[in-house]
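Open the model in your viewer and keep the selection tool at hand. We will go from stop to stop, picking residues as we go.

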Amino acid sequence: MRAAAVTAVGKLTGADAQARLVRALSDPNAGVRMDAAFWLGQPAFASAAAALGGTLAGDPDIDVRVAAAQALSRLGTAAARLQLRRGAKDADARVRRWAK
């Protein structure tokens, strides 16, 4: 149910949608966090790069960290590239690959 809500919010734009997606990065369910990271990779949410960087650096789930790195890669902004550096030393090769 929460994953469906994240998808619905991700199709919106604006500060409220971004704030909800950023909060979803802290959800106890890894699938919800992955979905939130995916949707935050849209250009409309470019200012969420720092939140995605925090997820990339600190989420315990490898797949969530990969999703955050992919989202930052899609954003392609200077702020996103700066956050991607956090994943360059990740223990998992998939995260490191996306963080390049």
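**Start with confidence**

Color by pLDDT, the predictor's confidence in each residue, from 0 to 100. Helices here are DSSP runs (H or I, at least four residues), numbered from the N terminus. Where pLDDT is low, predicted coordinates should not be read in detail. The chain average is 90, and 89% of the residues score at least 70.

This is a predicted model: local features need pLDDT of at least 70, side-chain atom pairs count only at pLDDT 80 or more, and totals for chains, interfaces and linings use all residues. Residues are numbered from 1 along each chain as its sequence is written, and side-chain values use heavy atoms, with hydrogens and water left out.

**Helix α2**

Select residues 15-24, helix α2. Its buried residues are Ala-17, Gln-18, Leu-21 and Ala-24 (buried is under 20% relative accessible area, exposed over 50%, partly exposed in between; 1.4 Å probe, protein chains only). Look down the axis of α2: these residues fall within an arc of 120 degrees, so they line one face of the helix. The arc is taken from the directions from the helix axis to the C-beta atoms. Ala-15 and Arg-23 are exposed on the face turned away from the buried side.

**The aromatic pair**

Next, select Phe-38 and Trp-39. The whole structure has 1 aromatic pair, and these two form it edge-to-face, 5.1 Å centre to centre with 85 degrees between the planes. Rings of Phe, Tyr and Trp (its six-membered ring) pair if their centres lie within 6.5 Å; planes under 30 degrees apart are stacked, over 60 edge-to-face, the rest tilted. Trp-39 is buried at 15%; Phe-38 is partly exposed at 44%.

**Salt bridges**

There are 5 salt bridges in the structure (a side-chain nitrogen of Lys or Arg within 4 Å of a carboxyl oxygen of Asp or Glu). Pick Asp-59 and Arg-33: their closest N and O atoms are 2.7 Å apart. Asp-59 sits in the loop between α4 and α5 (62-75), Arg-33 in helix α3 (residues 30-40), 26 residues apart.

Now select Arg-94. It bridges to Asp-63 at 3.1 Å, linking helix α7 to helix α5. What else does Arg-94 meet in a salt bridge? Asp-92, at 3.3 Å, N to O. Shared partners join Asp-63, Asp-92 and Arg-94 into one network.

Key. Helices (H or I, at least four residues) and strands (E, at least two) are DSSP runs, numbered from the N terminus.
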